[in-house]
Amino acid sequence: MVSGRRFNSRAWWSLGLVCLALLAMGNASLAAATADSGPTMRFVVVRSNAAGCEPNCPEWISAEGTIEAGTPALLKRMLKRLGGRKLPIVVDSPGGNVDAALTLGRLIRKSGLDIAVGKTWFDGCMPDDKDCTAKGRDADYFGEPYASGAICNSACPLMFAGGVRRVVGEWAYLGVHQITTTYIKTKLLYRTTYKVVNGKKKVINTKVVSRKNAGSYKTYEMSKAVEKRLAAYFREMGVGEGVLATMKNTPASDIHQLVLENMLRMKLVTSMDSVDLFTAATICKAWPAPANCREIPSNKDATPAAALAAKAEPAPAATARPEIVKRDEDMRFVVVRGSNPLCNPDCPEWISAEGTITAYTPERLRDMLDSIGGRRLPLVISSPGGDVLGALAAGRLIREHKLDVAIARTDFVGCDLAALDCAADSEARAGLTVDADGVCDSACAILLAGGVRRLVGPRARLSVHSLGMEKEVKTYLEDMAIGSGLFAAMQSVLYSSHRQLEPDMMLMVGLTTGPQSVDALTGATICGVIPKPDNCRVAPSPNAQAEAPAKL
């Protein structure tokens, strides 16, 4: 003790250094959120790059990574930049800090945002790439969302509960468990100032001069205070008591994955939908369009005078079908006649369908089928995939017209497909089918599934992966009487990967109807059997008109 000067004959000032070991409770956090749980959650705005959605496409906030103490500040900054636009959040997170998750949930609810569990596949640059954004294309990033393999575990469901509309879907995962509370021992060195009055000490002030870590320990059961706090939060968000009960009954070392039906019963999700509810390219065709749709006019750089002049032009006359603008990469349809000399004069014909599936594909296929007057010609397809909605519509059109489908490419004889007149009408072009190098990837499998007979030869290649829109794809495959094994095979592969199916596997899951190749539909000898296939046609003789009897 250091003596001070005398005061009032009875009071003495004294200073002292006191060293105490205190127990300070740290932030409650879930066990899954450890130091190796991945990068911090980042928020970026993404615009759909689905074929056919421009100029009006959905946008969303991609939220991926671990929830940490500073994460709410990042979301606040993002929402401030958006200036009141209500974009849904697509989240993929292993969990993290509970306090931060609660703050995120309340911020999401206050902002009136929807939320879905999902991942985002980025087209072009990734958010982690340095100086890599697509701002020159009127958006930060472009990509497509998908549910397969996405997670929202541990503390993430607390953030998720803040959404106005909340969806998970069948192929994303939401899991809960007990809270792990970490208590940190801190050794404090502090200075206290006091005075002695009538022999008694009276503390004037206390100031901490240093802190040292003195170890820590954890508990794996939530305290009554934490339980009360979480119960109040779930009530505030309109979520049932079952979620908290499941958390308490699941050890911190485990994860209890909630079943979709149970999440609906607990009011954790608001419907059985998946991420497509907020991000599918077709949602912007609704009226009124959802708040997360943004139109970028193609003539945005035009002068105001030009824009007014364009607006003043009379609208073109209505036509039975909208005009379709052809792009080189879009799937094109050509009627082909077998050029093998063995088949003359009765040769098989087919429709060659090659290229990327787009939103225009169903309309082009319908135009082709109309032009051939109801003839049932098989489709010979080679495609890398493409737009899922376009594939679903085209697949249903194939089944409606009872067409057979085979995977192969077509070699044309004396016809350059780059020439405008090669594929301009329904007149048959000479060619041969080759199953070697024939490909059917991604959404192409949906087209194949629409066929009555479905053939993939041993030298053709078919690959699948998750496509998103799980509910629509599953319903479609059921309508086509395809076994559930195909859907399971699709969902087992991430969007960015491919799984090549072997012939035996395709037969087993019901995608193909037999082991034959495309030759079963287009081979030179098929027109010699009885009954003759529908796609066989005798070529008219060059002198047919001269040889015909005169009409009176």
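Contact here means heavy atoms within 4.5 Å. This is a predicted model, in which local features need pLDDT of at least 70 and side-chain atom pairs count only at pLDDT 80 or more, while totals for chains, interfaces and linings use all residues. Residues are numbered from 1 along each chain as its sequence is written, and side-chain values use heavy atoms, with hydrogens and water left out.

**Loop residue Ser442**

- Ser442 is placed in the loop between β22 (439-441) and α11 (444-449); helices (H or I, at least four residues) and strands (E, at least two) are DSSP runs, numbered from the N terminus.
- Ser442 has 10% relative accessibility and counts as buried, a term for under 20% relative accessible area, with exposed over 50% and partly exposed in between (1.4 Å probe, protein chains only).
- Apart from neighbours within four places in sequence, Ser442 touches Pro384, Gly385, Ser463, His465 and Leu467.

**Loop residue Met41**

- The loop between β2 (11-30) and β3 (42-48) holds Met41, which is buried at a relative accessible area of 1%.
- From Met41 to Glu64 the C-alpha to C-alpha distance is 5.1 Å, although the two are 23 residues apart in sequence.
- Beyond neighbours within four places in sequence, the contacts of Met41 include Ala63, Glu64, Gly65, Thr66 and Ile67. Thr71, Leu74, Val91, Ser93 and Met159 are also among them.

**Helices α2 and α4**

- Helix α2 (residues 98-110) packs with helix α4 (residues 224-237) at an angle of about 15°, and their axes are 11 Å apart. Axes are lines fitted to C-alpha atoms, for helices over the stretch in contact, and angles run from 0 to 180 degrees between N-to-C directions.
- The two helices, α2 and α4, are therefore roughly parallel (angles under 35 degrees; over 145 is roughly antiparallel, 65 to 115 roughly perpendicular and the rest oblique).
- On the α2 side, Val98, Asp99, Ala101, Leu102, Gly105, Arg106 and Arg109 meet Arg229, Leu230, Tyr233, Glu236 and Met237 of α4.

**Aromatic pairs**

- The structure contains 3 aromatic pairs; rings of Phe, Tyr and Trp (its six-membered ring) pair if their centres lie within 6.5 Å, and planes under 30 degrees apart count as stacked, over 60 as edge-to-face and the rest as tilted.
- Phe122 and Tyr141 form an edge-to-face pair, because their ring centres are 5.8 Å apart and their planes lie at 80°.
- This pair links distant parts of the chain, with Phe122 in strand β7 (residues 119-122) and Tyr141 in strand β8 (residues 141-146), 19 residues apart.
- Phe122 and Tyr141 are both buried.
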